[in-house]
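Please read the points alongside the sequence and the coordinates.

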Amino acid sequence: PAAPPGAAASAIANHFHACMQRAAANAYPESQAPRTARIAYRATFSASGQMTAYSITPSGNGAFDAVANRLGGRCGSVPSPGKPVALSGALTFSP
């Protein structure tokens, strides 16, 4: 479900995390099966909802880290929060 314009940070965070987790499920690096990884991320968005920064905390597994870095761009905008918003969370990869 889309968050309304001017949505609360929690709604924006839920929207972004759901997009990231869906993208992670579709981008699991098959060469890594049956391994799992949890990679922390931080993203900031402008008042209009465009991503202004994205970074991960490397897991030490290059394949998962590369996928996590790419996923930020797939979810690079959120409904307009009306003010800059910083989010943090984690992606879970599992086969």
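1. Basis of the note. This is a predicted model, in which local features need pLDDT of at least 70 and side-chain atom pairs count only at pLDDT 80 or more, while totals for chains, interfaces and linings use all residues. Residues are numbered from 1 along each chain as its sequence is written, and side-chain values use heavy atoms, with hydrogens and water left out.

2. The sheet. Three strands form an open sheet with antiparallel pairing, in the order S2-S1-S3. Strand S2 (51-56) and strand S3 (85-93) are the edge strands, each of which pairs on one side only. From one strand to the next the twist averages 20 degrees. Helices (H or I, at least four residues) and strands (E, at least two) are DSSP runs, numbered from the N terminus; two strands pair if DSSP finds at least two bridges between them.

3. Strand S1 (residues 37-45) and S3 run antiparallel and are joined by 9 bridges. Thr 44 has Ala 86 as its bridge partner in S3.

4. The helices. Helix H1 (residues 9-26) packs on the sheet and touches S1, S2 and S3; the direction of H1 makes about 30 degrees with that of S3. Helix H2 (residues 62-74) also packs on the sheet, touching S1, S2 and S3, and its direction makes about 170 degrees with that of S2. Contact means heavy atoms within 4.5 Å. Axes are lines fitted to C-alpha atoms, for helices over the stretch in contact, and angles run from 0 to 180 degrees between N-to-C directions.

5. The core. The largest nonpolar core has 25 residues, of which Phe 16, Met 20, Tyr 41, Tyr 54, Leu 71, Leu 91 and Phe 93 touch the most other members. H1, S1, S2, H2 and S3 are the elements that give two or more residues to this core, and H1 gives the most, with 6 residues. Such a core is a set of buried Ala, Val, Leu, Ile, Met, Phe, Trp, Tyr and Cys residues joined through side-chain atoms within 4.5 Å. Buried means under 20% relative accessible area, exposed over 50% and partly exposed in between (1.4 Å probe, protein chains only). Not counting residues up to four places away in sequence, Leu 91 has contacts that include Met 20, Tyr 41, Tyr 54 and Leu 71.

6. Cys 19 lies in helix H1 and Cys 75 in the loop between H2 and S3, 56 residues apart. Cys 75 is buried, at a relative accessible area of 3%.

7. Aromatic pairs. The structure holds 5 aromatic pairs. Rings of Phe, Tyr and Trp (its six-membered ring) pair if their centres lie within 6.5 Å; planes under 30 degrees apart count as stacked, over 60 as edge-to-face and the rest as tilted. Phe 16 and Tyr 41 are edge-to-face, at 5.5 Å centre to centre and 75 degrees between the planes. Both Phe 16 and Tyr 41 are buried. Tyr 28 and Phe 64 are also edge-to-face, at 5.7 Å and 65 degrees. Tyr 28 lies in the loop between H1 and S1, and Phe 64 in helix H2. Ring pairs link Phe 16, Tyr 41, Phe 45 and Tyr 54 into a cluster.
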